[in-house]
Amino acid sequence: MSDLFAALALALVLEGLLYAAFPEQMKRMIAQVLEMPAQHLRLGALVVAGVGLGLLALVRM
């Protein structure tokens with residue numbers, strides 16, 4: 001369970017750093033995401049989740 005919280009904390013750190021380093025670009029990206037169809041967002045999210053799961057499996061070997 002502590003690994004889960006550590007991973008969530010790291011995700012928050014990385015997201016915070018992106019918003020701090022590139023605020024205007026992040027605002028533009030959010031505007032683009034709002035214009036995307038839900039099906040494309042869903043597919044992209046599943047691909048990213050799959051890549052993350054694969055990376056986690058590699059790290060845990």
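Visitor: How many nonpolar, polar and charged residues does the lining of the largest pocket have?

Guide: A pocket is an open set of points on a 1 Å grid over the protein atoms alone where a 1.4 Å probe fits, with protein on both sides within 12 Å along at least five of seven lines; lining residues have an atom within 4 Å of a point. Here the lining has six nonpolar residues, one polar and no charged (Ala, Val, Leu, Ile, Met, Phe, Trp, Tyr, Cys and Pro are nonpolar; Asp, Glu, Lys and Arg charged; the others, Gly among them, polar). The model is predicted: local features need pLDDT of at least 70 and side-chain atom pairs 80 or more, while totals for chains, interfaces and linings use all residues. Numbering starts from 1 along each chain as its sequence is written, and side-chain values use heavy atoms, without hydrogens and water.

Visitor: Which residues line the largest pocket?

Guide: Val48, Ala49, Val51, Gly52, Leu55, Leu56 and Val59 do.

Visitor: How many salt bridges are there?

Guide: Two are counted, taking a side-chain nitrogen of Lys or Arg within 4 Å of a carboxyl oxygen of Asp or Glu. Asp3 and Arg60 meet in a salt bridge, at 2.9 Å from N to O. Asp3 lies in helix 1 and Arg60 in helix 3 (residues 38-60), so this pair ties together parts 57 residues apart in sequence; helices are DSSP runs of H or I, at least four residues, numbered from the N terminus.

Notes
Helices (H or I, at least four residues) and strands (E, at least two) are DSSP runs, numbered from the N terminus.
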